[in-house]
Each structure stands twice: as C-alpha cells, then as structure tokens.
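This briefing goes through one protein model by topic, from the overall fold to single residues. Please keep the sequence and the 3D view open while reading.

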Amino acid sequence: MSIAQAQTVVNEQPPVQEHLPGFTTALGAVLKRPQKFFEDFPAKPGYRAPLMFLSVAALFYAAVSYSYFFQGSMNMTVAVLINAMVMPFALAGVTWVVLTMSSGKVSYEKLIAMYAYASGAVMLFSWVPMVGYACEVWKAGLMACALAKGFDLGWKRGIVVVAATFLVVMLFIWSAMPVIQQLRGVVPA
C-alpha cells in the first residue's frame, strides 16, 4: 500500500471524537442534538470531563435547592448534593450489570460518562417544581439514546435496558423500605 492509498483510507474514515467538550458546549450538544452527541462519544472518555460536568450541574441544583426549597437547611442541601453525585454511579452500575448479562463486555467508563452527561443536563431544569418528574423521564430518554447510539444497541433494546434498570432500582428501594422503617423505629429521631 502506498502513502497516497493510506492517506485515502485515513481520509475516508469518519472523524472520531478524541476528547469531550467543555460544560456549555456539552450542555448545548446534549440538549439540542443528543443523538449526534452520543453517537460521536469517545470509546474511552475518561472520568474527569464527565465528572466535572456532573459536579457543576449538581452544585447548581444544590444551590438552587438550598435557596428556594430548604430555607437554608445545610443538611438537606448536602443530602441533595450527595444524591445528585451518587445516583448516576448507582444507575450506571445497574445498567452495566444488565448490559453485561445481556450483551457481554461493556465499558463502565463510557457508561458512567454517558450517565453523567444525561443526569447533569436535566439536573439544571429538575429543580423547578413539578418539572422534576418530567426530567426523570427525559433523562431516561437521553440514556436510551445514549445506549442506542453510543453502544449501537438500537432504540428498542436501549429502551428495554433503561426500563430494566428502572425496575431493578425500584425493586431494590421497595425491598429496602421495611428495613428502613424498622431502623427508624429503633433509632430515636
């Protein structure tokens, strides 16, 4: 193969996204064209950029919650911030198990990065009263898109995986409720 032929082969391949964009660029891409954003998602996105995106969105969400809803209660604000940072990891873990059981090897790094962008994008709107429920459905749709385009699962399978993740998380919460209620009765308030 000559150098000219090799250059032609390189030029014919679609460009691969080597790094993830900054906060405002990523936010605009996730909100305006999520299919393109997740389709061009790098195979090894790293943890820094997605976690910075998630952290900025979570801090905004916690600050707004502190100002408007918790009347200055720092304990509730910290709880909301921790929840906003931990839930994408938990959901990515459950999704990773579902995907690994059904598809084989899947990159957790890529999965957590996708959850960070999907969660962070909707977090900026979910503080508005009664919009939070719609944002959860929106986040599920973004994750179905991420799975369909980023992992080439197709829309139907992406929706099924998101629904299975939701079901597993709900079963875990419902199973934990009696234990929590029992502990609340034992520990004085």
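A residue is called buried when its relative accessible area is under 20%, exposed when that area is over 50%, and partly exposed in between. The model is predicted. The protein chain has eight helices and zero strands, and 34% of its 189 residues are buried.

**Overall fold**

- Read from the N terminus, the order of elements in the protein chain is α-α-α-α-α-α-α-α.
- F53 sits in helix α4 and has a relative accessibility of 2%. Because the limit for a buried residue is under 20%, F53 counts as buried.
- F53 and G22 are 31 residues apart along the chain, and their C-alpha atoms are separated by 7.9 Å.
- V168 belongs to helix α8. With a relative accessibility of 39%, V168 is partly exposed.
- Between V168 and T95 there are 9.3 Å in space, C-alpha to C-alpha, for 73 residues in sequence.

**The largest pocket**

- The volume of the largest pocket is about 790 Å³.
- Its lining consists of 28 residues, and those nearest the centre of the pocket are M87, L91, G132, E136 and K139.
- Two or more lining residues come from each of the helices α4 (48–68), α5 (74–103), α6 (108–123), α7 (132–150) and α8 (155–186).
- Which element gives the most to the lining of the largest pocket? Helix α7 does, with seven residues.
- Sorted by class, the lining of the largest pocket holds 20 nonpolar, six polar and two charged residues.

**Salt bridges**

- Side chains of opposite charge can pair when their charged atoms come close.
- The cut-off used here is a side-chain nitrogen of Lys or Arg within 4 Å of a carboxyl oxygen of Asp or Glu. The count by this rule is two salt bridges.
- One of them joins E136 and K139, with the closest N and O atoms 3.3 Å apart. E136 and K139 are also among the residues that lie nearest the centre of the largest pocket.
- E136 and K139 are separated by about one helical turn, because they are three residues apart in helix α7.
- Are E136 and K139 buried or partly exposed? E136 has a relative accessible area of 46% and is partly exposed, whereas K139 has 11% and is buried.
- The side chains of K36 and D40 also form a salt bridge, at 2.8 Å from N to O.
- K36 is partly exposed at 37% relative accessibility, and D40 is partly exposed at 26%.

**Nonpolar surface patch**

- L167, L171, F172, I173, W174, M177 and I180 make up a nonpolar surface patch of about 720 Å².
- L171, one of the patch residues, is placed in helix α8.
- The relative accessible area of L171 is 43%. Because patch residues need over 30% relative accessible area, L171 can be partly exposed and still be part of the patch.

**Positive phi in loops**

- M130 is not a glycine, yet its phi is positive, at about 70 degrees.
- Where is M130 found? M130 lies in the loop between α6 and α7.
- The relative accessibility of M130 is 67%. Because the limit for an exposed residue is over 50%, M130 counts as exposed.
- D152 is another residue other than glycine with a positive phi, near 55 degrees.
- The loop between α7 and α8 holds D152.
- D152 has a relative accessibility of 69%, and so counts as exposed.

Conventions: Residues numbered from 1 in each chain as written. Predicted model: local features only at pLDDT ≥ 70, side-chain atom pairs only at ≥ 80, totals over all residues. Heavy atoms only, no water. 1 Å grid on protein atoms, 1.4 Å probe; cavity = no way out; pocket = protein on both sides within 12 Å on 5 of 7 lines; lining within 4 Å. Points joined across faces, edges and corners; volume = space filled by probe spheres on them. Helix = DSSP H or I, 4+ residues; strand = E, 2+ residues; numbered from the N terminus. Nonpolar A, V, L, I, M, F, W, Y, C, P; charged D, E, K, R; others polar. Patch = residues over 30% accessible without salt bridge, like charges linked within 9 Å, V, L, I, M, F, W, Y side chains within 5 Å. Areas by Shrake-Rupley, 256 points an atom, 1.4 Å probe, with all protein chains shown as cover. Buried < 20%, exposed > 50% of the residue type's maximum accessible area, 1.4 Å probe, protein only.
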